[in-house]
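Student: I'd like to learn how to read a ligand site and some helix packing. Can you walk me through a case?

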Amino acid sequence: MTFKKKLCLGIINFCVLMTGCTGSKKSAADSSSLKDLYKSDFLIGTAMNVEQIEEKEPKAAALIPAEFNAITAENIMKCEVIHPGWDRYNFDLADKFVAYGKRKNMFIIGHNLIWHSQLAPFVSEIQSSDSFMLFMTNHINAVAGRYAGKVNGWDVVNEALNEDGSMRNSIFLEKLGEDYVTKAFELAAKAAPNTELYYNDYNIEQPQKRAGAIRLIKKIQAAGVRIDGVGIQGHWSINKLPLEDLEKSIKEFAKLGLKVMITELDVTVLPNPWDLKGADVNQNFEGDSAMNPYPSNISDSADTKLALYYESLFKLFLKYTDNISRVTFWGVNDGQSWLNNWPIKNRTNYPLLFDKNFNKKSAYEKVAALK
Ligand code: G3I
């Protein structure tokens with residue numbers, strides 16, 4: 001680990017420790033928490049939903065600051081929530097999220113500034129390219145500007161690429177052309193000069209999409225615009241552990257001078273429609289018990305497989321502590337994961353390290369035991 005990284009993690013952990021000292025004494029459970037075990041390696045983060053931000057669930061309210069030292073807003077900073085009308089902004093929940101992170105001395109990630117999905121309905125009605133550029137400029141200035149110096153990192157552009165590495169055909173591409181990505185980073189760098197700026201996407205550990213991400217990042221850098229990191233989302237499946245691709249990606253992204261982050265980690269244990277030979281993805285699988293094999297409890301064998309999967313992942317992450325600055329889980333516990341409702345609604349998935357009752361799973365124990 002580089003001296004600079006050790007110093008940064010040291011400062012963050014010192015702040016976190018001081019917060020603990022001003023409150024009640026640390027419990028035994030705290031001293032073996034993931035954030036403590038991994039304190040000299042990388043930050044351990046979680047995405048937070050509204051209930052958690054508002055500390056409405058006592059178990060979550062206790063567990064989040066005990067186990068995690070970084071937080072990402074799962075939904076409430078997305079355009080449809082934070083910028084619902086051309087000149088209307090709704091910062092209530094985002095303000096609460098940021099205040100929560102400050103109070104708990106956590107590393108705060110804003111998710112996200114520019115994404116084709118979850119846009120407010122007014123955005124699709126914008127006609128001219130000039131007006132669209134004005135929308136993007138206003139959005140970044142207002143949102144990144146409001147939290148400048150408060151949010152530590154922004155996912156500036158999210159999911160701009162197709163699986164083959166080409167640019168996704170989004171409304172941003174259509175109205176502004178390929179350079180919208182660079183422009184978004186330029187605007188974010190001006191609005192939030194001391195905030196880390198990231199490109200965030202899923203499957204960018206895969207060779208073609210990774211090559212596309214590298215092209216995109218090099219373009220931003222060639223324009224002299226700041227980009228600090230790249231987020232490999234990490235929405236993976238128990239049936240496919242992409243270790244080799246992941247290792248190559250960590251090395252290649254690091255070569256660009258960027259921090260590498262795993263930003264939305266979860267591992268589905270359920271079958272996916274597109275994995276079934278001959279299945280029609282548009283077929284309605286809701287209520288199909290074959291697609292929901294563990295409605296009450298995960299089987300021992302799947303639980304063990306998941307634990308070994310997470311162990312392999314974290315072994316790899318520990319090889320690259322110089323390059324990886326953060327590993328964030330996409331949610332706190334299995335019960336709240338988006339994977340219970342995607343790609344099929346109303347299933348029971350087990351993708352995280354805590355079960356629906358906030359108990360540590362075998363996967364947690366494996367990850368903790370590596371330290
Ligand atoms: O808030 C409404 C609620 O009022 C309404 O009653 C309910 C009915 O469906 O919907 C609620 O909104 C849902 C929202 O999550 C908040 O729970 C949306 O339907 C649902 O589509 C939305 O899903 C989110 C998804 O992004 C949207 O694309 C997931 O929670 C969130 O985990 C997921 O996160 C994304 C990252 O931002 C980007 N990378 C992929 C990742 C997983 O899709």
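Tutor: The shell residues divide into three nonpolar, six polar and four charged; here Ala, Val, Leu, Ile, Met, Phe, Trp, Tyr, Cys and Pro count as nonpolar, Asp, Glu, Lys and Arg as charged, and the others, Gly among them, as polar. This is a predicted model, where local features need pLDDT of at least 70, side-chain atom pairs count only at pLDDT 80 or more, and totals for chains, interfaces and linings use all residues. Residues are numbered from 1 along each chain as its sequence is written, and side-chain values use heavy atoms, with hydrogens and water left out.

Student: Which residues come nearest to the ligand?

Tutor: A residue is near if one of its heavy atoms lies within 4 Å of the molecule. Of the 13 residues around the ligand, Glu 74, Lys 78, His 111, Glu 159 and Glu 264 come nearest.

Student: How far is a ligand oxygen from an N or O atom in the side chain of Glu 74?

Tutor: The distance is 2.5 Å. For the side chain of Lys 78, an N or O atom is 2.7 Å from a ligand oxygen.

Student: What about helices H12 and H13: at what angle do they cross?

Tutor: Axes are lines fitted to C-alpha atoms over the stretch in contact, and angles run from 0 to 180 degrees between N-to-C directions. Helix H12 (residues 243-255) and helix H13 (residues 300-319) cross at roughly 20°, their axes coming within 11 Å. That makes H12 roughly parallel to H13, a label for angles under 35 degrees. The helices themselves are DSSP runs (H or I, at least four residues), numbered from the N terminus.

Notes:
Polar contact = N/O pair within 3.5 Å; in protein donor to acceptor, adjacent residues only side chain to side chain. Helix = DSSP H or I, 4+ residues; strand = E, 2+ residues; numbered from the N terminus. Parallel < 35°, antiparallel > 145°, perpendicular 65-115°, else oblique.
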